[in-house]
Amino acid sequence: MSSDKAIAKRIQSTLISNVLTEARLDEHVAECLTYSFHAAMIPGAWVKRTAKALQGTGIRVASFIDLPYGTMTTRGKAYEAGQLVQQGVEEIDLMPNLGFLLSGMEKDYFEDIRAVVKSAGKVPVKIMLELPLLAAQQRERAVQRCVEAGAAYLKNASSGMVGIATPEEIRFLRRLAASTVGVKASGGIKSAQQVRDLLAAGADLVGTSAGAQIMKELQGIAEPATQLKASY
């Protein structure tokens, strides 16, 4: 497998928008098929359609819960997880209630995550840790609680609006995470070199809304992007 194809297999191509249309979704699915990305990350309302379009392709269907704030009720998050599973989701990225952690309410933070993990069943849940917003000790406690709650992956941040993914953050997560827990890099990933650096630091997956641009760069048909509207 060539290096660009190997990298594509680690990319979760992300499309998050409050004005997402059917036509844009179909375009996104076509991009995922063209480059054989690891997964198509799309809003919950489009999971059923995306699952049907990608059935049998090997490309996974991923969605998210309670982005960007994480302040939905725990019961509501758990219910949404169950609904997504029924509609064909294969991976879920969860925004936990960061306010619980910052308030020292670690039990509530744990239970918020655990409820979604239980409702998702065999579907892996990735936790958006928002590391740039946490102090050093809070980062370690967040990782510990997430692992105890059954998280399948730890994710440095939700988007570039919170912080740009760095190799240092990925190495930190890889060092603290159990060997059975994956690491996903996310946030402002716009270039092929960023992807290479994050994978080298220990990321198992990379989430980006610039997937197609990155693949064109890897294939030598586009210059590295410096200004992209998308920040996830």
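Colleague: Which side chains meet Arg49 in a salt bridge at 3.0 Å, N to O?

Modeller: Side chains of opposite charge can pair when their charged atoms come close. In this predicted model, the side chain of Asp26 meets that of Arg49 in a salt bridge, with 3.0 Å from N to O. The pair links distant parts of the chain, since Asp26 lies in helix H2 and Arg49 in helix H3, 23 residues apart.

Colleague: What other salt bridge does Arg49 make, and with what N to O distance?

Modeller: The side chain of Arg49 also meets that of Glu22, at 2.9 Å from N to O. Here too distant parts of the chain are linked, with Glu22 in helix H2 (residues 22-35) and Arg49 in helix H3 (residues 47-54), 27 residues apart.

Colleague: Are Arg49, Glu22 and Asp26 buried, partly exposed or exposed?

Modeller: Buried means under 20% relative accessible area and exposed means over 50%, so a value in between is read as partly exposed. Arg49 is partly exposed at 35%, Glu22 is partly exposed at 43%, and Asp26 is partly exposed at 35%.

Colleague: Where in the chain do Asp93 and Lys184 lie, and are they buried or exposed?

Modeller: Asp93 is in strand S4 (residues 91-94) and Lys184 is in strand S7 (residues 182-186), 91 residues apart. Both Asp93 and Lys184 are buried, and they form a salt bridge whose closest N and O atoms are 2.9 Å apart.

Colleague: Which residues are joined with Asp93 and Lys184 into one network?

Modeller: Through salt bridges that share partners, Arg60, Glu91, Lys126 and Lys155 are joined with Asp93 and Lys184 into one network.

Colleague: How many salt bridges are counted?

Modeller: The count comes to 15 salt bridges.

How values were computed: Residues are numbered from 1 along each chain as its sequence is written. This is a predicted model: local features need pLDDT of at least 70, side-chain atom pairs count only at pLDDT 80 or more; totals for chains, interfaces and linings use all residues. Side-chain values use heavy atoms; hydrogens and water are left out. A salt bridge is a side-chain nitrogen of Lys or Arg within 4 Å of a carboxyl oxygen of Asp or Glu. Helices (H or I, at least four residues) and strands (E, at least two) are DSSP runs, numbered from the N terminus. Buried means under 20% relative accessible area, exposed over 50%, partly exposed in between (1.4 Å probe, protein chains only).
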